[in-house]
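The sequence and structure are shown first.

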Amino acid sequence: MHNEQFDGLIWQATPLFEAKRVWLLGASDIACEVAKLATHLGFLVTVADYDPVFLNEERFPGVQRILFDGGNFDDLQKYAADSADYVCVLTRGHMYDPQSCAWGVVCNAHYVGMMGCKGKNETVHDLVIGLGATEEGWARIKRPVGLKFGAKTPAELAVSIVAELIDVRHKENYSDAARAARKPFGLSVLSKAKKTTTPRTCEYAGRFLCGDKVAFARTSIRKRTATGRFCGR
């Protein structure tokens, strides 16, 4: 919003979608950077590992931390990801990548991604299938996790990973199925609205005609004393 256009008004942005849960399996240096960036960008972050030297408040402030007992990832089976959750497999040394990938696939998480290369993938594939995943589930795992643009350092890799999470989140929120589920009311009124060529300030009516982003539009709708506002897309 251009605040100078609405002198004296204070605006507060409110997300129109529920925050997505991101599981970071492994408290690696990359996971540390991903947690910071993902939290800043509105994701709910859960980090899981077995070593308190790596998984602690100093390295992962302000996020949910799950510390496993036994010096391994066996306790991961005590938890379950939701079908809407995102899972990023970032274990230190990749020792527990197969176990973590299988967990994400068996939980039917919406997104599962793993740090990987061709040679590693061939080995991990057999282990993941042996842990109960199907070939279809294996094919769903993004390998390697993140967008490809030459990222090398932990911070750069975090940017590539979170950028992909943003892309997945956007496609999920604005898919045809998601739009149908939140079909906006007043659509027939909207189709009859008279459009203008210059922006017009719409009065607040306590409800919106669009189920997506909300902004002041180039069109206002008046019916009796009510005024609606919508995104105008």
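Helices are DSSP runs of H or I with at least four residues, numbered from the N terminus. Axes are lines fitted to C-alpha atoms over the stretch in contact, and angles run from 0 to 180 degrees between N-to-C directions. The model is predicted: local features need pLDDT of at least 70, side-chain atom pairs count only at pLDDT 80 or more, and totals for chains, interfaces and linings use all residues. Residues are numbered from 1 along each chain as its sequence is written, and side-chain values use heavy atoms, with hydrogens and water left out.

| Helix pair | Axis distance | Angle |
|---|---|---|
| H1 (residues 29–40) and H5 (residues 154–173) | 8 Å apart | about 50 degrees |
| H2 (residues 97–106) and H3 (residues 118–130) | within 9 Å | roughly 60 degrees |

H1 and H5 are therefore oblique to each other; angles under 35 degrees count as roughly parallel, over 145 as roughly antiparallel, 65 to 115 as roughly perpendicular and the rest as oblique. On the H1 side, the contact (heavy atoms within 4.5 Å) is made by Asp29, Ile30, Glu33, Val34, Leu37 and Ala38, which meet Pro154, Ala155, Leu157, Ala158, Val159, Ile161 and Val162 of H5. These residues comprise 11 nonpolar, no polar and two charged. Here Ala, Val, Leu, Ile, Met, Phe, Trp, Tyr, Cys and Pro count as nonpolar, Asp, Glu, Lys and Arg as charged, and the others, Gly among them, as polar.

H2 and H3 are likewise oblique to each other. Asp97, Pro98, Cys101 and Ala102 of H2 touch Lys120, Val124, Leu127 and Val128 of H3. Six residues of this contact are nonpolar, none polar and two charged.

Notes:
Helix = DSSP H or I, 4+ residues; strand = E, 2+ residues; numbered from the N terminus.
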